[in-house]
Amino acid sequence: MAENETRLFDAIPQAPNLRSGLVNTLIAQIESGDLAPGQRLPTEQEIVAATGVSRTVVREALASLRARGLITTRQGLGAFVAKDPPPRTFSILPDDLESIDEVLRVLELRMGIEVEAAGLAAERRNDDALRQMNARLDALDAAVRAGSAGLEEDFGFHRAILAATQNANFTRLFDTFGSAMIPRQWTRLDRMTDAEREKYLTRMQHEHRAILAAIEARDVNAARRAMRSHLTKSYARFETLRDKAGHD
């Protein structure tokens with residue numbers, strides 16, 4: 001591998017999620033032109049030698065780049081930067097959320113989007129939007145009572161709020177992220193006792209109902225406060241989960 005190629009890869013952050021660190025580094029190099037369209041990437045072994053990460057991490061990182069359309073592979077020749085890469089887009093994939101710290105960063109993003117959206121929803125909502133939000137919460141209630149984490153139903157409720165803004169850009173953004181915006185897999189519901197699970201789900205639904213009540217009342221400030229409170233409490237719960245995991 002050429003010396004300049006070595007320099008491209010010798011500073012992979014040794015973060016808890018090494019795959020994401022390598023993916024982010026490669027994406028930055030592709031977007032900056034350090035890795036040009038059509039250029040062959042170093043071999044897996046060369047990247048391992050330059051970064052110190054395992055071959056498994058490298059393979060997973062390259063698979064992620066292929067899924068994003070940023071690189072292509074040719075049998076017997078290796079991996080190449082795509083000559084016609086897709087337009088630059090921002091996405092969060094479920095596989096990216098491999099640590100609680102990453103979940104916290106997603107929640108920070110959601111606060112910036114959904115707090116304002118809740119206010120707009122309170123200002124602009126119509127009767128059909130209210131029916132949609134109520135239906136999503138009823139579906140979430142039914143799902144969790146049946147033993148499900150209610151991931152899709154939770155996503156549906158938050159999306160219904162965005163739809164109530166009557167600004168399609170909010171829902172388009174949310175749809176780009178998909179279920180990664182509701183990272184319920186980290187809440188460890190399966191490890192809770194029945195009493196703990198019931199307390200958690202009741203509290204979650206109480207927070208959801210408070211958001212809906214403010215939107216229904218057309219109280220813009222209350223809707224923003226309720227959404228911020230909901231997401232802030234989620235943030236605090238994940239921080240506690242992270243700290244507890246660090247002590248186990």
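For helix packing I take axes as lines fitted to C-alpha atoms, for helices over the stretch in contact, with angles running from 0 to 180 degrees between N-to-C directions. Helices (H or I, at least four residues) and strands (E, at least two) are DSSP runs, numbered from the N terminus.

Ground rules: this is a predicted model, where local features need pLDDT of at least 70 and side-chain atom pairs count only at pLDDT 80 or more, while totals for chains, interfaces and linings use all residues. Residues are numbered from 1 along each chain as its sequence is written, and side-chain values use heavy atoms, with hydrogens and water left out.

**Entry: H2 against H4.** I looked up helix H2 (residues 18-32) and helix H4 (residues 55-67), and their axes are 9 Å apart at an angle of about 50°. That makes H2 oblique to H4; the cut-offs are under 35 degrees for roughly parallel, over 145 for roughly antiparallel, 65 to 115 for roughly perpendicular, and oblique for the rest. In contact terms (heavy atoms within 4.5 Å), the H2 side includes Leu 22, Leu 26 and Ile 27, and the H4 side includes Val 58, Ala 61 and Leu 65.

Entry: Strands S1 (residues 71-74) and S2 (residues 78-81) run antiparallel, joined by 4 bridges; pairing takes at least two bridges found by DSSP. I noted Thr 72 with Phe 80 in S2 as its bridge partner. There are 3 residues between the strands, and Gly 76 in this hairpin has a positive phi near 80°.

**Entry: cores.** A nonpolar core here is a set of buried Ala, Val, Leu, Ile, Met, Phe, Trp, Tyr and Cys residues joined through side-chain atoms within 4.5 Å. Buried means under 20% relative accessible area, exposed over 50%, and partly exposed in between (1.4 Å probe, protein chains only). Which members of the largest core touch the most others? I got Met 133, Ile 161, Ile 215 and Met 227, out of 33 residues. H5 (100-124), H6 (127-145), H7 (151-164), H9 (194-216) and H10 (220-247) each give two or more residues, and H5 has the largest share, with 9. Another core, of 19 residues, lies apart from it and includes Ile 30 and Leu 70.

**Entry: positive phi.** Most residues other than glycine have a negative phi. Gln 166 has phi near 60°; I found it in the loop between H7 and helix H8 (168-177), exposed at 55% relative accessibility. Arg 218 also has phi near 60°. Arg 218 sits in the loop between H9 and H10 and counts as partly exposed because its relative accessibility is 43%.
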